[in-house]
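Take a moment to look over the sequence and the 3D structure below. Then we can walk through it together, one part at a time.

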Amino acid sequence: MKKQNAGMSVEVTLGGLSHKPKHFLVSVEAGLYLQKIIRNITRTAPRNRARVPVEKVFPVLGDPALRPAAMLKGYRLRADMTQTELAGAIGVKQHRLSEMENSKRGISKDMAKRLARVLKCNWQDLI
């Protein structure tokens, strides 16, 4: 939480993997209440959960032919970029990026490195 207006209110930010973070300005009391709820949730959360391989949750990642496309889309969403924004940043047309994300076009080593620079990820995850 980020304090605003000399302690009269606080900014609360909520975000997810595929959505832009949303910012809320709430009273200090409401902010403290939210903080207490979050602490209680994290205290009662099970600590020793069984680990599940990512391929069980996202089967597409288990297929070597589809994995680069899924990773590209995931990294793009994590960066909160549209296909058009990412295509412009790496110097290709949007439809080419769409083809890469839908496994209709392969991702070369050079292209993977260009994408990785913009998406701040390991280029080897994209090939």
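This is a predicted model: local features need pLDDT of at least 70, side-chain atom pairs count only at pLDDT 80 or more; totals for chains, interfaces and linings use all residues.

Residues are numbered from 1 along each chain as its sequence is written, and side-chain values use heavy atoms, with hydrogens and water left out.

The protein has 6 helices and 3 strands. Helices (H or I, at least four residues) and strands (E, at least two) are DSSP runs, numbered from the N terminus. Reading from that end, the order is β-β-β-α-α-α-α-α-α. Of the 127 residues, 22% count as buried. Here, buried means under 20% relative accessible area, exposed means over 50%, and partly exposed is in between (1.4 Å probe, protein chains only).

Let us turn to α4. Which of its residues are buried? They are Gln83, Leu86, Ala87 and Ile90. These residues cover an arc of only 100 degrees around the axis, which puts them on the same side of α4; the arc is that of the directions from the helix axis to the C-beta atoms. The buried residues of α4 pack against α3, α5 and α6, where a contact means heavy atoms within 4.5 Å. After α4 comes Gly91, with a positive phi near 80 degrees.

Next is α5, which spans residues 94–101 and has Leu97, Met100 and Glu101 as its buried residues. They cover an arc of only 95 degrees around the axis, which puts them on the same side of α5. Their cover includes α3 (67–78), α4 (83–90) and α6 (109–119). Ser103 follows α5, and its phi is positive, near 60 degrees.

Now look inside. In soluble globular proteins, nonpolar side chains tend to be buried together. A nonpolar core is a set of buried Ala, Val, Leu, Ile, Met, Phe, Trp, Tyr and Cys residues joined through side-chain atoms within 4.5 Å. The largest one here has 18 residues, and Leu72, Leu86, Leu115, Leu119 and Leu126 touch the most other members. Two or more residues each come from α3, α4, α5 and α6, and α6 gives the most, with 5 residues. Leaving out residues up to four places away in sequence, Leu126 touches several residues, including Pro68, Tyr75, Ile107 and Cys121.

Finally, move to the outside. Val52, Val54, Val57, Phe58, Val60 and Leu66 form a nonpolar patch on the surface, with about 480 Å² of accessible area together. Such areas come from the Shrake-Rupley method with a 1.4 Å probe, and for residues only the protein chains shown count as cover. One member, Val52, sits in the loop between α1 (28–44) and α2 (54–57), and at 52% relative accessibility Val52 counts as exposed.

Two more residues deserve a look. Asp80, in the loop between α3 and α4, has a positive phi of about 55 degrees although it is not a glycine. Asp80 is partly exposed, with a relative accessible area of 35%. Lys120, in the segment after α6, also has a positive phi, near 55 degrees, and counts as exposed at 68% relative accessibility.

Technical notes:
Patches are made of residues with over 30% relative accessible area and no salt bridge: like charges are joined within 9 Å, nonpolar side chains (Val, Leu, Ile, Met, Phe, Trp, Tyr) within 5 Å. A salt bridge is a side-chain nitrogen of Lys or Arg within 4 Å of a carboxyl oxygen of Asp or Glu.
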